[in-house]
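Subject: Structure handover

Hello,

Here is the structure I promised to pass on. Please open it alongside this note, and then read on for what turned up.

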Amino acid sequence: QEYCQWISGAEASTLKKRDLGPYLQVLPPFGTDELGSTDFFSDEALDTLQSPQIKEETLARRARSLARFERDVKPMSQIGSNMYNWENNQEITEEHLRWASWIVTSRVLTVQGEAGSGEAYR
C-alpha cells in the first residue's frame, strides 16, 4: 500500500511513523530486475529449464500470488480507494503484487553478528 501511494504520487499518511520514500527510491522500477526469479519466466522458458521441481514451485508461487491478489487486493482496489493505484493512476494487477513480493524477498537485509560468532539477524 505504501509503495502504491508513493509511486502514484499520493500524499503519505500522517499516521505513518516513518517516511519510506528514501528506501523506496532505491528499489528498481516495476518491470525490471525480474529475470532473477522464475516467477517471471514464460511457460516456454520454464519448460526449457527441464526441472519439474522448479516449474512446480514456480507455478505454486504464481497461484498463491493470484489467490492473494483476488482475495486481498482486487476487492480493495474496486471500492474506489487510491491505495492500490500505480503510476499515472494505472490500476494495479496481480503482476504488480508478484513483483512487489519478489522485490521484498530478494532484498532480505541481514546484519551479521560478531566475527566468528556465526550469528545473523534478519
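A first thing to check by eye: is Val-26 buried or exposed? Val-26 is exposed, because its relative accessible area is 61% and the cut-off for exposed is over 50%. Please keep in mind that this is a predicted model.

**The surface patch**

Val-26 sits in the loop between H2 and H3. Together with Tyr-23 and Leu-109, Val-26 makes a nonpolar surface patch. The patch covers about 340 Å².

In soluble globular proteins, nonpolar side chains tend to be buried together. For that, turn to the core.

**The core**

The largest nonpolar core has 15 residues. Five of them touch the most other members: Tyr-3, Val-73, Trp-86, Ile-92 and Trp-99. H5 supplies the largest share, with 4 residues.

Setting aside neighbours within four places in sequence, Val-73 is in contact with Arg-68, Tyr-84, Ile-92 and Leu-97.

**The aromatic rings**

How many aromatic pairs does a search of the whole structure find? The search finds 3. Two of them are described here.

One is Phe-30 with Trp-86, and this pair is edge-to-face. The distance is 5.6 Å centre to centre, with 65° between the planes. Phe-30 lies in the loop between helix H2 (21–25) and helix H3 (43–48). Trp-86 lies in the loop between H4 and H5. The pair links distant parts of the chain, 56 residues apart.

Phe-30 counts as partly exposed, because its relative accessibility is 29%, between the 20% and 50% limits. Trp-86 is buried, with a relative accessible area of 3%.

Phe-30 also pairs with Trp-99. The ring centres are 5.7 Å apart and the planes stand at 85°, so this pair is edge-to-face too. This pair again links distant parts of the chain: Phe-30 is in the loop between H2 and H3, Trp-99 is in helix H5, and 69 residues separate them. Trp-99 counts as buried, because its relative accessibility is 1%, under the 20% limit.

Taken together, Phe-30, Trp-86 and Trp-99 form one aromatic cluster. Trp-86 and Trp-99 are also among the core residues that touch the most other members.

Best wishes

Notes: Residues numbered from 1 in each chain as written. Predicted model: local features only at pLDDT ≥ 70, side-chain atom pairs only at ≥ 80, totals over all residues. Heavy atoms only, no water. Core = buried A, V, L, I, M, F, W, Y, C linked by side-chain atoms within 4.5 Å. Buried < 20%, exposed > 50% of the residue type's maximum accessible area, 1.4 Å probe, protein only. Helix = DSSP H or I, 4+ residues; strand = E, 2+ residues; numbered from the N terminus. Contact = heavy atoms within 4.5 Å. Phe/Tyr/Trp six-rings, centres within 6.5 Å; stacked < 30°, edge-to-face > 60°. Patch = residues over 30% accessible without salt bridge, like charges linked within 9 Å, V, L, I, M, F, W, Y side chains within 5 Å. Areas by Shrake-Rupley, 256 points an atom, 1.4 Å probe, with all protein chains shown as cover. Salt bridge = Lys/Arg side-chain N within 4 Å of Asp/Glu carboxyl O.
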